[in-house]
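Me: I want to learn how to read a model like this one. Can we go through it feature by feature?

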Amino acid sequence: MLELQTGRPVSNDGRMEKEIRVYDLLDSLQISYQRVDHEAAMNMEVCEAIDLALQATICKNLFLCNRQETDFYLLMMPGTKKFKTKDLSKQLGVSRLSFAPEGYMKQFLDITPGSVSVMGLMNDSDNRVQLVIDEDVLAGEYVGCHPCINTSSLRLKTQDLVEKILPAMGHKPIVVQL
């Protein structure tokens, strides 16, 4: 059974540095958050049990780029929605979007496949990645995300994400309707 914890782990033992940096950022911003530790969550089906424990919907996070691999996007959308490249491309004014090569994910966000998270934007100091959020994500009171690793999940107030966390990371989202 997954156990909801408040705040960061008691000990950093066995935790990756990039995960600890997420907790440090949230604590420095005085953000209240809850956390669930779990087995690696590699797909949305595994996330369903985590969603129940968090009482927040973990977003489907997609790392995308244009054909030339010069513009990069992190898309946050409800896991229940189907992703249609054409719909997003039209709203962003990009002729063709595709999944970005894994190397860029590590280079810009310090994350790996299965761990894609809005929190990775804290590592994007050069603002190479544009955050794109489906409007339905913003409609919920809470948002769920990984702390840059996929063996823990966080519940954050959506308002804290938009008004405190993203500005501290130097990112402003584009809101879309998918």
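Reply: Start with the elements. Helices here are DSSP runs of H or I with at least four residues, and strands are E runs of at least two, numbered from the N terminus. On that basis the chain has 6 helices and 9 strands. The radius of gyration is 15 Å, close to the 16 Å that the globule rule gives for 178 residues, so the chain is as compact as a globular protein of that length. Keep in mind that this is a predicted model.

Me: How far does the predictor trust the chain, and where is confidence lowest and highest?

Reply: pLDDT is the predictor's confidence in each residue, from 0 to 100. The chain averages 91, and 96% of the residues score at least 70. Helix α2 (residues 44-54) has the lowest confidence, with a mean of 75. Strand β6 has the highest, at 97.

Me: What are the overall dimensions of the C-alpha trace, and how much of the chain is buried?

Reply: Along the principal axes the trace spans about 45 × 30 × 30 Å. Buried residues are 48% of the 178 in the chain. The accessible surface is about 9,100 Å², and carbon and sulfur atoms own 48% of that surface.

Me: What share of the contacts links residues 24 or more positions apart?

Reply: Take the contacts with a separation of 6 or more. Residues 24 or more positions apart account for 68% of them. Now compare Ile 165 and Ala 40. They are also 125 residues apart along the chain, but their C-alpha atoms are separated by 25 Å.

Me: Now a helix. What span should α6 have, and what does the model give?

Reply: The expected span is 1.5 Å times one less than the number of residues. Helix α6 covers residues 158-169, which is 12 residues, so it should span 16 Å. The end C-alpha atoms are 15 Å apart, which agrees. The buried residues of α6 are Thr 158, Asp 160, Leu 161, Ile 165, Leu 166 and Met 169. They cover an arc of only 140° around the axis, which puts them on the same side of α6.

Me: Which exposed residues sit on the face turned away, and what covers the buried side?

Reply: The face turned away carries Gln 159 and Glu 163, both exposed. The cover over the buried residues of α6 includes α1 (17-28), β4 (72-78), β6 (129-134), α5 (135-139), β7 (142-145) and β8 (152-157). Just after α6 comes Gly 170, with a positive phi of about 75°.

Me: Zoom in on Ile 165. Is it buried or exposed, and which residues does it contact?

Reply: Ile 165 sits in helix α6. Its relative accessible area is 0%, so Ile 165 is buried. Beyond its neighbours within four places in sequence, Ile 165 is in contact with Leu 26, Leu 29, Ile 31, Met 119, Leu 156 and Asp 160.

Me: Leu 26 is one of the buried residues of α1. What does the rest of that helix look like?

Reply: Helix α1 has 12 residues and reaches 16 Å from its first C-alpha to its last, close to the expected 16 Å. Its buried residues are Lys 18, Glu 19, Ile 20, Val 22, Tyr 23, Leu 25 and Leu 26. Their cover includes β2 (34-37), β8 and α6. Gln 30 follows α1, and its phi is positive, near 55°.

Me: Which residues in the loop between β7 and β8 deserve a look?

Reply: Take Pro 147 and Cys 148, which are found there. Pro 147 counts as buried, at 0% relative accessibility. Setting aside residues up to four places away in sequence, Pro 147 touches Lys 18, Glu 19, Val 22, Tyr 23, Ser 152, Ser 153 and Leu 154. Cys 148 is also at 0% and counts as buried. Its phi is near 70°, a positive value in a residue other than glycine.

Me: And the loop between α4 and β6: is Asn 127 there buried, partly exposed or exposed?

Reply: Asn 127 lies in that loop. Its relative accessible area is 44%, so Asn 127 is partly exposed. Its phi is near 50°, again positive in a residue other than glycine. Asp 110 lies in the loop between α4 and β6 as well. Asp 110 is buried, with a relative accessible area of 16%, under the 20% cut-off. Apart from neighbours within four places in sequence, Asp 110 is in contact with Lys 18, Arg 21, Met 105 and Asn 123.

Key: Residues numbered from 1 in each chain as written. Predicted model: local features only at pLDDT ≥ 70, side-chain atom pairs only at ≥ 80, totals over all residues. Heavy atoms only, no water. Buried < 20%, exposed > 50% of the residue type's maximum accessible area, 1.4 Å probe, protein only. Arc of directions from axis to C-beta. Contact = heavy atoms within 4.5 Å. Rg over C-alpha atoms; globule rule 2.2 N^0.38 Å. Areas by Shrake-Rupley, 256 points an atom, 1.4 Å probe, with all protein chains shown as cover.
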